[in-house]
Amino acid sequence: MAGKRLQSIRGIHDGLPAEVLVWRHIEEVARKVFATYAFSEVRLPILEPTELFVRSIGEVTDIVSKEMYAFTDQGGDNICLRPEGTAGAVRAYLQGGLTRAGIQRWFYIGPMFRRERPQKGRLRQFQQIGVEIFGASGPLEDAEVLAMAHSFLSELGISELNLEINSLGCPACRPAYRDVLVSYLNKCAGNLCETCNARIDKNPMRVLDCKVEACQAELQNAPEMIHHLCTVCETHFSGLQDGLTALDIPYQINARIVRGLDYYNRTAFEIISDQLGAQGTVLAGGRYDSLIDELGGPPTAAIGFAAGLERLAMLLGEIRAAGVDIAIVALGEQVIPYSLQQSALLRQQGLSVVHCGGGSAKRQFKIADREGASFVLVIGEDEMLSGFITLKNMATGEQQQLTFDQLVRTVID
RNA sequence: GUGGAUGUAGCUCAAUGGUAGAGCCCCGGCUUGUGAUGCCGGUGGUUGUGGGUUCGAGUCCCAUCAUCCACCCCA
């Protein structure tokens with residue numbers, strides 16, 4: 001590393017060819033699987049009014065209060081780089097006048113921005129594959145959304161994942177549970193860590209997923225939301241489980257899954273890998289039936305999830321790049337124009353072609369080899385004058401004289 | 001925002017405070033139109049940056065930047 005270098009911003013990484021190959025594979029699988037569930041792709045703005053996230057995620061959350069790239073533009077408007085996709089999707093759904101257009105099933109793929117301290121699987125600019133359904137309220141849809149997430153990940157060939165589900169209740173039953181929980185927590189407050197104590201009043205449910213061992217020991221017998229659900233929520237939760245069972249999707253109930261945001265209700269879920277260290281959540285989501293209402297729309301049920309593209313990529317490892325179909329070896333200055341013409345003709349046939357740039361035969365063959373060429377087209381004066389083409393199969397070493405049409409057929413096979 | 005580890009060639013890494021090296025990669029050669037193996041040679045570094053201690057610093061100290069890991073938070 002010599003001298004001062006122009007560097008990318010901290011926590012913002014380049015997608016170089018090897019990595020993009022993996023991303024594209026993931027995206028292709030997502031598009032394919034989501035299409036089978038009749039989801040449509042949407043492309044939403046990266047810049048949004050800051051107000052959107054203040055109102056949806058909440059001003060007191062870490063994301064909004066310390067992690068957003070927010071600024072005032074030249075016109076004095078408060079705008080920010082989106083830290084997540086759901087709020088923008090809801091905004092677009094309302095702005096697009098789709099509230100009476102029936103159930104909307106959307107997905108999107110794109111960058112999100114949070115100014116956090118970078119870590120394994122946590123970048124300041126990262127990509128999410130997100131999914132939202134607007135206008136479907138039943139447990140059946142929850143089960144199908146989870147089934148879609150499940151088949152997406154298994155189609156990618158990622159195993160060793162755990163699906164954990166929970167119910168967060170609803171405005172009808174959560175307040176009562178909250179009181180029960182707070183009184184439990186207050187009883188053992190002396191044995192809980194500082195952050196837990198601070199949360200007892202602010203956000204008691206967050207105490208449940210504290211990582212401090214002493215706290216977890218103390219919380220062994222803490223009351224759990226799933227045992228305090230109202231009838232409607234309980235029916236919904238068992239409906240979800242029936243659906244998962246019918247679809248043969250393995251899951252575990254984890255009563256400690258919580259959400260920091262108030263608009264979440266009922267179903268919450270995470271798919272976790274134990275191979276990614278502390279940032280092991282590969283996909284997470286839940287139901288948010290009150291958000292659309294809160295953002296000024298008609299009361300509309302909604303559920304969604306988001307998966308981290310980079311985290312998925314880490315689980316997949318490298319993908320070998322496909323080599324080119326043909327490398328052109330041109331021998332002698334006088335055949336260069338002819339060799340360029342041949343390259344162009346082959347490309348018109350849809351083949352991928354690299355011209356090795358002339359020079360010694362050895363040099364050009366080395367280039368052909370490094371490009372992973374399946375075949376080499378040798379063009380010298382003999383070939384140019386005879387109209388025949390010398391084609392070498394790089395895997396077998398076999399070499400033959402062919403016409404252009406024969407060549408194209410050979411390579412395509 | 002807090003804590004810890006690490007920054008030496010394009011990459012992976014060496015170098016008791018005393019002349020900065022290896023392997024891989026890259027480039028060229030081993031007789032004129034044939035690669036992936038072999039042999040020979042070559043390019044490439046103000047040791048992240050800026051200060052300090054010392055006769056002398058890649059090595060010790062301070063600061064700064066970046067990366068990694070964890071906390072926090074979260075996909």
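On one side of helix H14, Lys 362, Lys 366, Asp 369 and Arg 370 are exposed, where exposed denotes over 50% relative accessible area, buried under 20% and partly exposed the range in between (1.4 Å probe, protein chains only). Helices (H or I, at least four residues) and strands (E, at least two) are DSSP runs numbered from the N terminus. The model is a predicted one, in which local features need pLDDT of at least 70 and side-chain atom pairs count only at pLDDT 80 or more, whereas totals for chains, interfaces and linings use all residues. Residues are numbered from 1 along each chain as its sequence is written, chains are lettered from A and ligands numbered from 1 in the order in which they are written, and side-chain values use heavy atoms, with hydrogens and water left out.

H14 spans residues 361-370, and its buried residues are Gln 364, Ile 367 and Ala 368. Because these buried residues fall within an arc of 100° when seen down the axis of H14, they line one face of the helix; the arc is that of the directions from the helix axis to the C-beta atoms. The buried residues of H14 pack against strands S12 (326-330) and S14 (375-379). Gly 372, which follows H14, has a positive phi near 70°.

Within H14, Gln 364 is buried, its relative accessible area being 0%. A polar atom of the Gln 364 side chain lies 2.7 Å from the backbone oxygen of Ala 330. Neighbours within four places in sequence aside, Gln 364 is in contact (heavy atoms within 4.5 Å) with Ile 328, Val 329, Ala 330, Leu 331, Cys 356, Gly 357, Gly 358 and Gly 359.

Asp 142, located in helix H5 (residues 139-155), likewise counts as buried, at 0% relative accessibility. Not counting residues up to four places away in sequence, Asp 142 touches His 236, Leu 240, Thr 267, Arg 287 and Ile 303.

Cavities and pockets were then considered. On a 1 Å grid over the protein atoms alone, a cavity is a set of points where a 1.4 Å probe fits but cannot get out, and a pocket is an open set with protein on both sides within 12 Å along at least five of seven lines; lining residues have an atom within 4 Å of a point. Grid points are joined across faces, edges and corners, and a volume is the space filled by probe spheres set on the points.

One cavity of 30 Å³ or more is present, and the largest cavity holds about 40 Å³ of space. Its lining comprises Leu 44, Pro 45, Glu 48, Phe 53, Arg 82, Glu 84, Gly 85, Gly 88 and Ala 89.

The second largest pocket has a volume of about 280 Å³. Of the 16 residues lining this pocket, His 13, Glu 19, Trp 23, Leu 123 and Glu 310 are the closest to its centre. Helix H1 (17-36), strand S6 (125-134) and helix H12 (309-316) are the elements that give two or more residues to the lining, and the largest share, three residues, comes from S6.

Two residues other than glycine have a positive phi. Ala 38, with phi of about 65°, lies in the loop between H1 and strand S1 (40-41) and is partly exposed, at 42% relative accessible area. Asp 248, with phi near 65°, lies in the loop between helix H10 (231-246) and strand S8 (252-253); this residue is exposed, with a relative accessible area of 66%.

Notes:
A polar contact is a pair of N or O atoms within 3.5 Å; within protein, one must be able to donate a hydrogen and the other to accept it, and residues adjacent in sequence count only if both atoms are side-chain atoms.
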